[in-house]
2 protein chains.
Amino acid sequence: MCAAQDDDRTVGRTGEFAVIDRITAGRGQAPTTIVGPGDDAALITSPDGRVVATTDMLVEGRHFRLDWSTPRDIGHKAIAQNGADIASMGAVCTAFLVALGCPAGTPMSVIEELNEGLWREATRAGGSIVGGDLVASEQLVISITALGDLQGREPVLRSGARDGDVVAVAGELGRSAAGLALLDAGVDCGADDALAALVRAHRTPLPPYGRGPEAADAGASALTDISDGLIADLGHLARASGVRIALDRAALTPSDPMVRAASLLGADAGDWVLTGGEDHALVGCFRTPPPSGWTVVGAVRPGSGVVVDGVGWDRPGGWESY
Amino acid sequence: MCAAQDDDRTVGRTGEFAVIDRITAGRGQAPTTIVGPGDDAALITSPDGRVVATTDMLVEGRHFRLDWSTPRDIGHKAIAQNGADIASMGAVCTAFLVALGCPAGTPMSVIEELNEGLWREATRAGGSIVGGDLVASEQLVISITALGDLQGREPVLRSGARDGDVVAVAGELGRSAAGLALLDAGVDCGADDALAALVRAHRTPLPPYGRGPEAADAGASALTDISDGLIADLGHLARASGVRIALDRAALTPSDPMVRAASLLGADAGDWVLTGGEDHALVGCFRTPPPSGWTVVGAVRPGSGVVVDGVGWDRPGGWESY
């Protein structure tokens, strides 16, 4: 993708400003946008009087591969992982900013598809793309900032879990890891809908954005999204709260398609559930029973770290850069 | 810089989370920060009920060179160019998010110096660094998002200029371009304070942040910062406002050190003033005389485009990616 292709509509030949005109034209903004793309900065309503903000960078070859994901999928995923961070504070997404670095030879079709994926998922998350930047780089690099509004809620931090809380999950666990493993092994999932759905879960995760504000309204004491892996992310939460998280493996069973995929690959589907990242499920701690749709997977105990069926986890718990 | 060096404290060997711990430790947050680094997202006050947001990405070899700028200078510049965009809406900076991509072999000393530059300029701009991301990439890539508060002012857009307004500048013009030309030619400015100051203007531009809110309070009809070049940026403003900007070259004379640098290099110092970017001066349009400290450089007329002493500019007006 990095080399010039037959498509002579490349980013370099189109030029920075014409590309920006192309990708912003005809895009309707959310009601929260007062000033959208085209000025020195955007202006967004923050009726709560506070604004939630997070940023994540995705790098070609590291966070995505253009032979495994379409540009549309990559745009989707870039928004999803940032939007999930907003949700996991108990907030709703209002706006996204997109800084994009790409080689001059990048076909305009790649940029247009990427833009489509960004916009679709931004809309699903409840916000719009209010601004950005476009620069020349050797690798495709996408940096997203998401903004959100708490609508009067108190933010739900990682540090509020207390002994006796239940731990509950909303969303998928390990499906993205299973899909990645299938891609990595080159398994052709074309005719197998259930396996293809795992690959789709890797390419286009669907964070349960609305579950974040719901958890906050239900009095969640702590909340985070699972981007690195359940054990890794609960490890951060346990450390921030000064508690131990005791997981119950019986509540964390993989689905049948995941078991089947693991069997095909000689892998452990249970490990995908415990350590797979990028599904962007939410995990929260609750002093009272969690709302319906949340699955209780463990409890908060005195101590430190994360244990599974009472035993400490001594293998990598999930993703870490480098 | 990209290769591993004798310094065995590299980013890769230190690990993502330890690096983040290192660069966030002991940094005091601005009073506007409610939740700083370490959770899923940051939380910042936005008392105005609206938030200004902008993002810019800087790529090694394209926007900076590690043999021409120190990591500290690069951090400074990354904040400055984003903070200037906030100022040019008439807002004050409240917070910055920093997404950083760098090779595993990057020495920790580079990251620490970069971080120092980021923090110093963020503090000068009036905000703090509330969050970020750290990922592995082939090139050093820095993506900054700046947030700002209008404090009740209406945003000053590029689109408000009207026939009869005066055009005025606050800050430096062309000094960064002169410094870049000196670096590019390999001129040793060591013993010549005035030339060294031009190089410093390129490495560490000092946007006049306070002039943005000041211009808004003085009723500026349009405002932008000069990141690409005076003619290029006024071209955007003229197009957005549907007007012509008529510049008066007599009001845009280069300083003596710039004339001297141009003479050394066989360049035109006047062109640096008109087309040099990256000083991040502010240029505004005013219906009444601008506040003291602003220099009137032209007027708004009916028509389109930018003219200098009545003549259209037919050379490149400034920077464009690709």
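Predicted model: local features only at pLDDT ≥ 70, side-chain atom pairs only at ≥ 80, totals over all residues.
Start with the interface. On the chain B side, 65 residues are in contact with 66 residues of chain A. Putting the two chains together buries about 5,200 Å² between them, and 59% of that area sits on carbon and sulfur atoms. Three residues stand out here: B:Asp40, B:Met57 and B:Tyr322 supply 17% of the area that chain B buries against chain A, more than any other three residues.

Polar links also cross the boundary between chain B and chain A. The rule finds 27 residue pairs in polar contact, both partners being at pLDDT 80 or more. As for where the chain B side comes from, strand β3 of chain B (residues 50–59) gives the largest share of what touches chain A, with nine residues. Sorted by class, the side of chain B that touches chain A holds 33 nonpolar, 19 polar and 13 charged residues. Salt bridges turn up too, four of them across the interface of chain B and chain A. One pair that forms a salt bridge is B:Arg158 with A:Asp39, where the closest N and O atoms are 3.9 Å apart; the cut-off for a salt bridge is 4 Å.

Strand β3 of chain B also takes part in strand pairing between the chains. Strand β2 of chain A (residues 42–45) is joined to β3(B) by four bridges, and the two run antiparallel. Within this pairing, A:Leu43 has B:Val52 as its bridge partner in β3(B).

An unreviewed UniProt entry places the feature "binding site" at A:Asp40, A:Thr54 and A:Asp85. These positions span 46 residues in sequence and their farthest two C-alpha atoms are 26.0 Å apart, so they do not all gather at one spot. A:Asp40 lies in the loop between β1 (33–35) and β2 of chain A. UniProt also lists residues 38–148 of chain A under "domain: PurM-like N-terminal", again from an unreviewed entry. That stretch of chain A, residues 38–148, is 32% helix and 38% strand, with its end C-alpha atoms 21 Å apart.

Now the sheets. In chain A, seven strands make an open sheet with mixed pairing, in the order β8-β10-β7-β11-β9-β12-β13. At its edges stand β8 (222–225) and β13 (311–312) of chain A, each with a single partner strand, so one side of each is left without a neighbour in the sheet. Further in, strand β7 (residues 166–170) of chain A runs antiparallel to strand β11 (residues 295–301) of chain A, joined by four bridges, and A:Val169 has A:Thr295 as its bridge partner in β11(A). Strand β9 (residues 244–247) of chain A pairs with β11(A) as well, antiparallel and over four bridges; here A:Ile245 stands opposite A:Val300. Towards β13(A), strand β12 (residues 305–308) of chain A makes an antiparallel pair over two bridges, with A:Val308 opposite A:Val311.

Chain B has an open sheet of seven strands too, ordered β8-β10-β7-β11-β9-β12-β13 and mixed in its pairing. Its edge strands are β8 (222–225) and β13 (311–312) of chain B, each pairing on one side only. Inside this sheet, strands β7 (residues 166–170) and β10 (residues 282–286) of chain B pair in the antiparallel sense over five bridges, and B:Ala170 stands opposite B:Leu282 in β10(B).

How values were computed
Residues numbered from 1 in each chain as written. Chains lettered and ligands numbered in written order. Heavy atoms only, no water. Contact = heavy atoms within 4.5 Å. Buried area = accessible area lost by both parts, 1.4 Å probe. Salt bridge = Lys/Arg side-chain N within 4 Å of Asp/Glu carboxyl O. Polar contact = N/O pair within 3.5 Å; in protein donor to acceptor, adjacent residues only side chain to side chain. Nonpolar A, V, L, I, M, F, W, Y, C, P; charged D, E, K, R; others polar. Pairing = 2+ DSSP bridges. UniProt positions renumbered as here; feature names shortened; annotations may be inferred.
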